[in-house]
Amino acid sequence: MPGISDEFGKYNAKGIKGGEAVARQLDRLVTYIRSPVDSPRGLAARLRYLTTSVQRQEAARAAGLTVADATTARWLAEKQKPSKANLARIEHAYRTIRRDSVAQALRKRLEADGGTRIEIHPADNSRVPQARQRSAGVRSINVRNWGPIVDAWARGDQTGLNSAWIDLIQDLGSSWGMYEYVTNVGFAA
Amino acid sequence: MTEQMITDAVHEELERAGGDLEAAADRLLKRAVPDAMALLEATRKGARYDIVYYPDMPEILVSPGPKKPDQIWEARPRWTRPTPAAEPVTALDVNGAYLAAFKTHLPLGRLQHSTGDQFDRKRAGVHLITPPDWEWGHILPNPIGDRDTPGPVWVAEPTLRLIIRVMEQGLCKAPVIHESWTSGSTEGLLEKMRVALRTARQTAILEDDTVTLEYVKTLYSKFVSTLGESNFNRAIYRQDWMHCIRAQAFANLYLRAMKAFQGGCGVIRVTGTDELHVTGDWQRVFTEGRDLTEMKVK
């Protein structure tokens, strides 16, 4: 059985990298501000979050929100609206800091009681020509050590997530290569 | 065995509360969601199909955002007709409507897309259909529910099956299916869980045990309402099941209205999940009682 796919999707298989799916599910487990960043309410809430302390402001700057303090103040006072590019930066900085601040608690929850069971749904083969279809079922695996995954997710590090995913699926046995790309990965915390 | 889990939980909380019924009921309410999930797992031990908790969901079943309605029409009935003068109306109530609806065709795995006007009884899911016209609005409600906008609509499996059933009785034309997201299905997936809850419910009614009765009610109603993308239950994401169970509850109510009508009663009002108002001798059609198959007077 092969390992890592060279040309995933060549025969029309559909799926995303396992690491991406894990990040998606981790994001679902975190409570973010629900109003979108382009709504006045959502924007104000994010700006308040990013400016609560000097440490936060520095973290925001490190996360790419490199505007003058006076500009942030004008946004907060609603005297000026952020440009589209800056809205994206605000959202990115907010998500990064929020992830970082919940990461340790989330990891603790995921590692409590001997780990968390994850359900892995392999890539969608249904549009692949019959002769080239490989059958792979839904698999479950218990993950005890969430450190590499949660850390990579908190850093926003896609490569790190993907390599952590490959390490993790080796436990599935010889057919692990079929789970490099998935349609969904599910778990609760 | 599984009923034991329910009684054990009640005993545990009663003991902890030291006989304070209200405090025990409160605690039971709080642990209902994880308890329901544990019950589900316990009832699936040694069963034929594994439960798939996190399948990839098609766009149509993903919640479009906070405070926006879901895209699946569940065909909740809301229908009243003017009462004929000088006829007494009886308001009837279906017992445990959502619990009874656990017996429904549920898709097992990942939903797969198909187009075209075909209906496969061995599969279940959601369908985009154009419902047929309804000419009997003056005596019986439309099986598609109280819908204002005409044209195609996404419905869950039970609604489609209900319309087909009504069609087979010659009351309307066939619905047109445009698109479907379906998977192989079974009607028995939640059967053991349903029987466990139903037995616990019956025992509680017989023994006049309000704490257990309330607990059982919370178990199944919260289970249904948190089956989808709920933040109160992240152990399962099955929006398809949630819509199917709800739609089945509404379809069951519709079928009871139909049964009353065919048994010679006049149907006056069909609303919500459990409300049925009729004229005439309803006791010839239904048995009075508190079991799932019986009806009680409101």
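Reader: What makes residues of chain A and chain B count as in contact?
Author: Heavy atoms within 4.5 Å make a contact. In this predicted model, 15 residues of chain A meet that rule with 13 residues of chain B.

Reader: How do you know the area buried between chain A and chain B?
Author: Buried area is what the two parts lose on being put together, summed over both. Here that comes to about 1,200 Å². Carbon and sulfur atoms give 46% of it. On the chain A side, R28(A), R34(A) and E119(A) lose the most area, together 35% of what that side buries.

Reader: Why is the pair E229(B) and R28(A) called a salt bridge?
Author: The closest N and O atoms of E229(B) and R28(A) are 3.8 Å apart. The cut-off is 4 Å, so the pair qualifies. The count between chain A and chain B is 2 salt bridges. The interface also holds 8 residue pairs in polar contact, both residues at pLDDT 80 or more.

Reader: Which elements of chain A give two or more residues to the side that touches chain B?
Author: They are α1 (18-29), β2 (116-122) and β4 (181-186) of chain A. α1(A) gives the most, with 4 residues.

Reader: How do the residues on that side of chain A divide?
Author: Into 3 nonpolar, 6 polar and 6 charged.

Reader: What makes a residue of chain A buried, and how many percent are?
Author: Buried means under 20% relative accessible area. Of the 189 residues in chain A, 44% are buried.

Technical notes: Residues are numbered from 1 along each chain as its sequence is written. Chains are lettered from A and ligands numbered from 1 in the order in which they are written. This is a predicted model: local features need pLDDT of at least 70, side-chain atom pairs count only at pLDDT 80 or more; totals for chains, interfaces and linings use all residues. Side-chain values use heavy atoms; hydrogens and water are left out. Buried area is the accessible area (1.4 Å probe) that two parts lose on being put together, summed over both. A salt bridge is a side-chain nitrogen of Lys or Arg within 4 Å of a carboxyl oxygen of Asp or Glu. A polar contact is a pair of N or O atoms within 3.5 Å; within protein, one must be able to donate a hydrogen and the other to accept it, and residues adjacent in sequence count only if both atoms are side-chain atoms. Ala, Val, Leu, Ile, Met, Phe, Trp, Tyr, Cys and Pro count as nonpolar, Asp, Glu, Lys and Arg as charged, and the others, Gly among them, as polar. Buried means under 20% relative accessible area, exposed over 50%, partly exposed in between (1.4 Å probe, protein chains only).
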